[in-house]
Amino acid sequence: MKLTIVADKKGPKISKYIYGQFAEHLGRCIYEGIWVGKDSEIPNVNGIRSDVVAALKQIKVPVVRWPGGCFADEYHWQDGLGPKENRKKIVNTHWGGVTEDNAFGTHEFFELIEQLGCEAYVNGNVGSGTVLEMQEWVDYITNPGESPMASLRQANQRQAPWKMAFFGVGNESWGCGGNMRPEYYADLYRQYQTYVRQYGPEKTYKIACGPNIDDYHWMEVLMREATPFMDGISLHHYALTGPWEDKGPALNFPESQWNSLLESAKKMDELITKHSRIMDQYDPEKRVGLIVDEWGSWLSVEPGTNPGFLYQQNTIRDAMVAAVTLNIFHKHAYRVQMANIAQMVNVLQAMILTDGAEMLKTPTYHVFDLYQNHQEAELITSFGEENQSVSHTISKKEGRLTLTLCNTSVQQDISVELTKTGGYQELEGHYIAAREMDAHNSFAQPEAIKVMPFAGFEVLGDQLRISLPPMSVVTIAEVSDGL
Ligand code: AHR
């Protein structure tokens with residue numbers, strides 16, 4: 001593979017929000033994974049696990065979406081206020097039929113946001129909630145003035161409002177969020193979003209429920225009917241190994257499923273391209289963001305675990321899915337303003353797995369770590385001879401270049417030559433790689449895959465030559481700007 005880097009051509013800025021996370025009341029994501037309660041023996045601050053927060057801060061999580069997912073359209077926020085013992089217990093109908101005791105509510109979510117130092121993305125209930133309920137939640141969270149909801153918040157020991165950067169009006173309204181037709185939802189969206197008021201100085205970015213995968217009709221109708229009323233519109237696409245009804249295992253899979261999962265992940269490029277084309281017709285200035293607020297691999301649950309908890313192991317194959325998908329988002333940085341991988345802890349393609357007091361970082365976590373420099377960097381274009389097993393991003397921030405390359409080939413080393421006029425400043429490399437397709441971190445071996453220094457490159461004048469190991473994700477970055 002031989003590429004020429006066009007370092008002086010300005011590209012779009014890669015939004016840091018592309019590195020967003022999603023945390024739903026599902027399985028052991030919120031409960032156990034994040035929230036252990038103040039009386040837990042697991043070290044915590046105000047009930048939130050300190051080990052998980054520390055790990056997430058290391059990868060600079062920019063935003064967390066909550067409380068769902070399908071859960072959002074059955075969530076009634078007032079159930080999660082006040083003394084824990086008085087909170088309503090409900091059944092989590094979507095996810096395992098378990099009791100939800102509402103111990104983690106609005107105050108606990110914003111405590112998490114404050115501990116992470118990131119932005120909040122709250123998803124409102126359109127499917128089974130009223131306009132009034134949604135309006136009052138926004139008022140409760142954001143109103144700095146006087147109102148019954150602001151007084152209620154203060155009575156619950158929070159004086160100042162919180163900042164709510166993003167708000168979603170319903171989730172999967174075409175499915176678990178109400179089985180609506182796009183024409184009907186478009187009207188509901190226009191109505192509900194009217195009452196997502198701005199009470200304080202901070203504007204909340206409003207997100208309409210967008211299509212499932214390749215439902216281009218849904219996108220067309222929403223953009224036609226509601227463009228002026230939205231800041232963003234969502235898209236959901238999960239990577240699968242085959243049909244939805246027959247998901248492959250997360251471990252111990254054949255090479256055919258290595259390939260099919262990656263093919264499914266790569267479909268993201270086509271989906272964004274085609275949805276963007278529709279968006280361009282109604283929004284040629286690209287004001288409205290495409291918000292991919294659910295993505296990642298969806299595999300069979302681990303044997304012996306609750307099928308409704310969506311707990312799956314995470315291997316080097318998932319790291320490939322993450323790397324390839326993030327590279328696709330970067331390529332579409334003009335349109336993709338946020339993405340939220342599903343989900344942050346213990347569910348689907350997680351960053352972190354926990355077992356009681358133990359915690360491990362998954363290969364996917366390490367990809368987010370290796371890609372940190374791309375947050376808020378300028379995308380740099382390149383041209384030349386590509387290799388279909390290699391996906392890459394080149395970006396520049398504060399005068400420094402970062403290259404990330406992912407070799408999805410199971411057997412082959414691949415040589416890459418990158419030419420840049422003027423050469424490179426001092427470079428440093430890091431990577432993850434594995435020898436087995438299902439290499440992963442377990443509680444017995446939590447660091448089987450971890451970020452290591454990478455020395456497989458050399459600079460010869462304007463040329464950077466890299467030898468990419470099979471099944472690897474490599475970052476090479478300029479460590480000084482040469483000034
Ligand atoms: O992430 C799991 C589920 O997938 C979400 O609750 C839902 O929105 C989607 O179908």
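I started at the ligand: one of its oxygen atoms has a polar side-chain atom of Glu24 lying 2.7 Å away. Worth noting at once that this is a predicted model.

Next I looked at Glu172. An N or O atom in the Glu172 side chain sits 2.8 Å from an oxygen atom of the ligand. I then checked Gln343, where a side-chain N or O atom comes out at 3.0 Å from a ligand oxygen. With a cut-off of 3.5 Å for a pair of N or O atoms, I can call these polar contacts.

How much of the ligand does the protein bury? I looked that up too: the ligand taken alone exposes 280 Å², and the protein buries 94% of that.

I find 13 residues surrounding the ligand, and Glu24, Cys70, Glu172, Tyr238 and Glu294 are the closest. By class, the shell splits into 7 nonpolar, 3 polar and 3 charged residues.

On to the domains. The assignment gives me domain 1 as 15-376 and domain 2 as 381-478. On the contact between them, I noted 39 residues from domain 1 and 35 residues from domain 2. Their centres, taken over C-alpha atoms, are 29 Å apart.

Between domain 1 and domain 2 about 2,800 Å² is buried, with carbon and sulfur atoms giving 65% of it. Which three residues supply more than any others of what domain 1 buries against domain 2? I got Ile316, Leu370 and His374, which together supply 24% of that area.

Last, I went looking for charged and polar pairs across the interface. My search for salt bridges between domain 1 and domain 2 came back with 0. For polar contacts across that interface I got 14 residue pairs, both partners at pLDDT 80 or more.

Technical notes: Residues numbered from 1 in each chain as written. Predicted model: local features only at pLDDT ≥ 70, side-chain atom pairs only at ≥ 80, totals over all residues. Heavy atoms only, no water. Near = heavy atom within 4 Å. Polar contact = N/O pair within 3.5 Å; in protein donor to acceptor, adjacent residues only side chain to side chain. Areas by Shrake-Rupley, 256 points an atom, 1.4 Å probe, with all protein chains shown as cover. Nonpolar A, V, L, I, M, F, W, Y, C, P; charged D, E, K, R; others polar. Domains from an automatic or database assignment. Contact = heavy atoms within 4.5 Å. Buried area = accessible area lost by both parts, 1.4 Å probe. Salt bridge = Lys/Arg side-chain N within 4 Å of Asp/Glu carboxyl O.
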